[in-house]
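I opened the file to look up helix faces, charged pairs, aromatic rings and surface patches. My notes follow in the order of the checks.

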Amino acid sequence: MDLDRLFELANLLALTGWVALLLSPLLPRVSQVYAGMAVPVVLATLYTALALAFWGSTSGGFGSLEQVAALFASPPILLAGWVHYLAFDLMVGAWEVRRARAESIAFVLVVPCLVLTFLFGPAGLLVFFGVRLAVRLSRGRLHKTAKETSHD
C-alpha cells in the first residue's frame with residue numbers, strides 16, 4: 001500500500017474517533033472503547049510498523065532542529081510522525097471526555113476543547129485545563145455563597 005493511501009486511511013480512522021467522542025454523551029462506553037482505545041491502538045500499530053520499516057533509511061535525529069528537519073524529510077518517517085500526532089491527540093481528546101464526565105463538566109463546554117485539540121493539539125488541552133479550572137472555581141464560589149446564605 002502506498003504512503004498516500006495510508007495517510008488517507010489514518011486520517012479517516014482518526015476522524016471516526018473524533019466523531020465518536022463528539023457522540024459520547026449518547027454512547028459513553030462505546031465512545032471510550034472506540035476512540036480511547038481501539039483507534040489509538042490501530043494508529044499506534046501503524047506508527048510502529050512505519051518506524052520499524054523505515055527508521056534506518058533516513059538521516060537525522062532528535063538532537064537539533066536541523067536533525068529533526070532531516071529526519072522528517074523522509075516521507076515514510078513524516079507519515080509515522082503524523083500518525084503519532086493522530087494517535088496522541090485522539091488519546092488526549094478521549095481523556096478530556098473522561099475527565100469532564102468524572103467531574104460533571106457540561107459537555108457543551110468540552111466540545112470546543114475537542115475541536116481545538118483535534119485541530120491544534122496542545123492548544124485544545126490548554127483550553128480544557130482552563131475550562132476545568134473555571135468550573136472548579138465557579139463551583140467553589142457557588143458552594144461558598146450557598147453556605148453563607150444559609151447562615152443568614
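I took buried to mean under 20% relative accessible area, exposed over 50%, and partly exposed in between (1.4 Å probe, protein chains only). I read helices as DSSP runs (H or I, at least four residues), numbered from the N terminus; strands would be E runs of at least two.

The model is predicted, so I kept to the rule that local features need pLDDT of at least 70 and side-chain atom pairs pLDDT 80 or more, while totals for chains, interfaces and linings use all residues. Residues are numbered from 1 along each chain as its sequence is written, and side-chain values use heavy atoms, with hydrogens and water left out.

Entry 1, helix H1.
I looked up the buried residues of H1 and found Leu6, Ala10, Ala14, Gly17, Trp18, Ala20 and Leu21. They cover an arc of only 155 degrees around the axis, which puts them on the same side of H1; the arc is that of the directions from the helix axis to the C-beta atoms. On the face turned away from that buried side I noted the exposed residues Asp4 and Leu12.

I counted a salt bridge where a side-chain nitrogen of Lys or Arg lies within 4 Å of a carboxyl oxygen of Asp or Glu. The search of the whole structure gave four. Arg5 and Glu8 form one of them, at 3.3 Å from N to O. Both lie in helix H1, three residues apart, about one turn of the helix. An α-helix has 3.6 residues a turn, so residues three or four places apart point the same way. Arg5 is partly exposed at 41% relative accessibility, and Glu8 is partly exposed at 44%.

I next followed Glu103. Its side chain meets that of Arg132 in a salt bridge at 2.7 Å, N to O. This pair links distant parts of the chain, with Arg132 in helix H6 (residues 122-150) and Glu103 in the loop between H4 and H5, 29 residues apart. Arg132 is buried at 12% relative accessible area, and Glu103 is buried at 13%. Glu103 also bridges to Arg136, with the closest N and O atoms 3.3 Å apart. Arg136 is in helix H6, 33 residues from Glu103, and is partly exposed at 48%. I logged Arg99, Glu103, Arg132 and Arg136 as linked in a network of salt bridges.

I paired rings of Phe, Tyr and Trp (its six-membered ring) with centres within 6.5 Å; planes under 30 degrees apart count as stacked, over 60 as edge-to-face and the rest as tilted. The count is five aromatic pairs. Phe7 lies in helix H1 (residues 3-22) and Trp82 in helix H4 (residues 75-102), so the pair ties together parts 75 residues apart in sequence. Phe7 is partly exposed at 36% relative accessible area, and Trp82 is partly exposed at 36%. I also noted one aromatic cluster formed by Trp95, Phe128 and Phe129.
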